[in-house]
Amino acid sequence: MTASIPPLRRRARSVSAEVAAHLEGLITSGELRAGDRLPPERELAASMSVSRSSLRQAMFELESKKLIERRQGRGSTVIDMPRRAGDLAGGLAELDIELGYATELRDLVEPRIAELAALRAVDSNLLSLDDVLTRSSDTLSPAESLRLDIEFHTLLAHAAQNPLLVTLCTMTTDWTRRTRTLSHRTRHARRLSLEGHHRIYAAVAAHDGAAAAAAMELHLREVREISGPPR
């Protein structure tokens with residue numbers, strides 16, 4: 001069955017980057033799932049009001065990021081995690097993971113993710129991250145704020161262009177969900193978390209790896225202080 005693609009929100013950037021960011025966001029958020037087949041390129045370009053050449057550039061980028069598979073005569077399909085990433089997830093899932101260990105892993109991994117994202121992010125990655133920040137606010141409900149928090153960190157991992165890091169980010173998100181929920185329970189906590197995201201994004205947009213890593217370290221420290229010690 002061919003997937004339905006929501007309308008594209010146009011901004012003053014490269015058209016192909018906008019298209020890539022839009023589709024990558026749908027894949028990252030789960031609206032497009034592994035196995036979903038995208039509409040034919042002619043139909044997809046028409047529905048998004050973009051040229052076929054811009055769409056092709058976007059699809060090439062998504063293919064290079066290993067988010068879709070393109071085959072002659074079969075079109076484009078959303079793909080699952082690479083086998084190596086899936087094997088890593090399966091192996092670690094068998095362990096009895098303590099929250100403290102997961103938090104420690106997050107402290108080790110996420111600053112490096114932010115650093116690599118700053119060095120490797122392309123326009124479509126920056127558009128996706130900026131879109132999440134635009135939709136984020138300290139006035140949101142704790143549940144919606146947490147959802148966008150997770151989306152921001154997941155998109156940051158995608159910007160690092162390493163599928164294994166995406167897997168690690170996803171796993172630590174699951175293991176630390178209880179603590180992360182606490183970091184969104186008050187308006188002050190949500191504002192502090194969002195300010196951290198803005199600092200990280202500014203460093204990534206400036207392609208400053210050291211600043212991005214430092215911003216992530218500060219963000220995680222602030223979130224940990226708000227949430228209290230793991231229980």
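Guide: Helices (H or I, at least four residues) and strands (E, at least two) are DSSP runs, numbered from the N terminus. This is a predicted model: local features need pLDDT of at least 70, side-chain atom pairs count only at pLDDT 80 or more, and totals for chains, interfaces and linings use all residues. Residues are numbered from 1 along each chain as its sequence is written, and side-chain values use heavy atoms, leaving out hydrogens and water.

Visitor: How many residues of α1 are buried?

Guide: 13 of its 15. Buried means under 20% relative accessible area, with a 1.4 Å probe and protein chains only.

Visitor: New topic. How many residues are in the largest nonpolar core?

Guide: It has 31, and Ile113, Phe152 and Val204 are among those with the most contacts inside it. Such a core joins buried Ala, Val, Leu, Ile, Met, Phe, Trp, Tyr and Cys through side-chain atoms within 4.5 Å. α7 gives the largest share, six residues.

Visitor: What does Val204 touch?

Guide: Its contacts (heavy atoms within 4.5 Å) include Ala114, Leu129 and Leu156, not counting residues up to four places away in sequence.

Visitor: Which helix has the lowest mean pLDDT?

Guide: α4 (residues 83-93), at 49, while α10 has the highest, 96. pLDDT is the predictor's confidence in each residue, from 0 to 100. Over residues 91-96 it is below 50. Where pLDDT is low, the predicted coordinates should not be read in detail.

Note on methods. Buried < 20%, exposed > 50% of the residue type's maximum accessible area, 1.4 Å probe, protein only.
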